[in-house]
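This report describes a single protein chain from its computed geometry. Please view the sequence and the model together while reading.

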Amino acid sequence: MKNLKILKKTLSFITCSVLSFGLVIEYNSLDRSDRTAKASAKSLSEIQAERDANNQKIAELENEISALQNNANDQKAYQETLAEQINLIRSNINLLNTELEAISADIDATEKNIGNLDEEIAVQETAIEENVEMFKQRLCDMCVSGNDNAASIVIGASSFYDIMSGIEMANRMAEYDEKLINGILSDIENLEKNKEDLESEKLTLEMKLESQEKRKAEKEEALTGYDEKMKSTQEEIERIERENAIAEGKVKDLKNINASLDAEEEAIFEAARKAAEEQQRKEEEERQRQEEWNRQQQQQQQTTTDAGGNTTPSTPDNPTTTTPVTPPITNTGGFIWPAPGFSYISSYYGARWGRNHNGIDVGDAGIHGGAAVSSQSGTVIAVSSSCTHDYPKESGGCGCGGNYGNYVLVSHDGGFSTMYAHLASVNVSVGDSVTQGQIVGYIGCTGFSTGSHLHFEIRTNGYAVDPMGYVSR
């Protein structure tokens, strides 16, 4: 019997040591899990805030790209109009050049004709001068000789007929000289008139040439203006294209960042799922260990009964037996409504504003200051409590807590977690254990909130689910 009691004490000590060691391991595992959950929750909050900021920037950049594209289209349309104007002006300049070439040719021909006339006039003037000199010489001779010529004609004549013939000849010579001189003077007069006509024609052509050159200069000036506008428009189009490329590059970079954030978030969720699986595995091991302990206790009691005929009562004063250790009881019940006394849902889970609304918004009249309670027992893994912007906001939000404002995130057994957001104030801290129905904060209007309400989320293994599948009003 004494040996049996020693054996029981030894078995009890060994068993208690094993259980204590297991509980220490379990505690350390839970502590690491909590720390991981805390880090994950904070990272998730930061990821969500950064993603929201990136999405807002992407929307702004896409609006900018759309505006740039519209501006570029306007500039291109304007450029097409300018190109038409430029083509018309260049066509007109080509026509003017053709006219100017024709006028210049006419002026050259007229100047040549005027030159020819000048030469003819000079020849005629020379002939007149020569004939005039000859006529002058004859007159001088006649003056010097007086009537000797007439006397010579009479004296030298053999008959009256010869006298008349000589006089007739002299008269004809004088008449010839007069006609010759008059003819030459008439030719000179005609040539000078033709020259005047040609010079008048030349003047007209020169005036027309000047007018056409002025029109050409005006067209070229207009063409220069249009070319400058075309150049300015092209520079504007190139500037718009550069800005558009920069904006598209930024959008691409932000989308790549969001893709990285999505991957990071997925990695966090995957780590949370693995942590939950590990927690369940450890709980199962603990359950099996407890069952094995109970079985050993039953065998020990059976051995004692078989050996002594009766069972020694288990009391604190009697160390011969050990009371079985019961594992901690966890809340295996469902979730409860997070806003007692308020039941109106202003926004349900699902698509909203181009993205998914990951929870429900409870927003009854008079809800501001109402209690937000933990929907299930668990551990607080994240808290945001620094937001002071407790008032409605029409757009944009204040950015606090990733626009969730003040919030509390609680981790539960089975891979579940719950969020309570837009709180006016928070009643708990990270690491606190909360029971089902315990107040975690008071409902407000912090973050991006257009009115006082409680944003409530339920996640399983990191994935948001419809809370209405777990709670009822």
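The text below covers the chain as a whole, its salt bridges, a charged surface patch and several individual residues.

**Basis of the description**

The model is predicted: local features need pLDDT of at least 70 and side-chain atom pairs count only at pLDDT 80 or more, while totals for chains, interfaces and linings use all residues. Residues are numbered from 1 along each chain as its sequence is written, and side-chain values use heavy atoms, with hydrogens and water left out.

**The chain as a whole**

Three helices and twelve strands make up the secondary structure of the protein chain. Helices (H or I, at least four residues) and strands (E, at least two) are DSSP runs, numbered from the N terminus. The chain has 473 residues, of which 32% count as buried. Here buried means under 20% relative accessible area, exposed means over 50%, and partly exposed lies in between (1.4 Å probe, protein chains only). The accessible surface amounts to about 28,200 Å², and 53% of this belongs to carbon and sulfur atoms. Accessible areas come from the Shrake-Rupley method with a 1.4 Å probe; for residues, only the protein chains shown count as cover. Among contacts between residues at least 6 apart in sequence, 76% join residues at least 24 apart; a contact means heavy atoms within 4.5 Å.

**Salt bridges**

Side chains of opposite charge can pair when their charged atoms come close. The structure holds eight salt bridges, each being a side-chain nitrogen of Lys or Arg within 4 Å of a carboxyl oxygen of Asp or Glu.

Glu-243 and Arg-239 both belong to helix α3 and stand four residues apart, about one turn of the helix. Glu-243 is partly exposed because its relative accessibility is 30%, and Arg-239 is likewise classed as partly exposed, at 28%. Together with Glu-236, Arg-239 and Glu-243 are linked in a network of salt bridges.

Arg-295 and Glu-292 also lie in helix α3, three residues apart, about one turn of the helix. With a relative accessibility of 35%, Arg-295 counts as partly exposed; Glu-292, at 31%, counts as partly exposed as well.

**A negative patch and a residue in contact with it**

Glu-125, Glu-129, Glu-130, Glu-133, Glu-189, Glu-192, Glu-196 and Glu-199 form a negative surface patch. The elements giving two or more residues to this patch are α1 (2-145) and α3 (160-308). Charged patches are made of residues with over 30% relative accessible area and no salt bridge, like charges being joined within 9 Å. Lys and Arg count as positive and Asp and Glu as negative, whereas His and the chain ends are not counted. The place of a charge is taken as NZ of Lys, CZ of Arg, CG of Asp or CD of Glu. Glu-199 is located in helix α3 and is partly exposed, with a relative accessible area of 36%.

Ile-188, also found in helix α3, is buried, with a relative accessible area of 10%. Not counting residues up to four places away in sequence, Ile-188 touches Gln-124, Glu-125 and Ile-128. The C-alpha atoms of Ile-188 and Ile-121 are separated by 6.0 Å, although these residues are 67 residues apart along the chain.

**Residues among the strands and loops**

Lys-393 occupies the loop between β6 (378-384) and β7 (406-411) and counts as buried, at 7% relative accessibility. Beyond its neighbours within four places in sequence, Lys-393 is in contact with Cys-398, Cys-445, Thr-446, Gly-447, Phe-448, Ser-449 and Thr-450. Between Lys-393 and Thr-446, 53 residues apart in sequence, the C-alpha to C-alpha distance is 8.9 Å.

Which values of phi are positive in a residue other than glycine? His-422 has a phi near 65 degrees, and Asn-461 has a phi near 55 degrees. His-422 lies in strand β8 (residues 416-426) and counts as buried, at 5% relative accessibility. Asn-461 is placed in the loop between β11 (454-460) and β12 (463-465) and is partly exposed, with a relative accessible area of 25%.

How values were computed:
Patches are made of residues with over 30% relative accessible area and no salt bridge: like charges are joined within 9 Å, nonpolar side chains (Val, Leu, Ile, Met, Phe, Trp, Tyr) within 5 Å.
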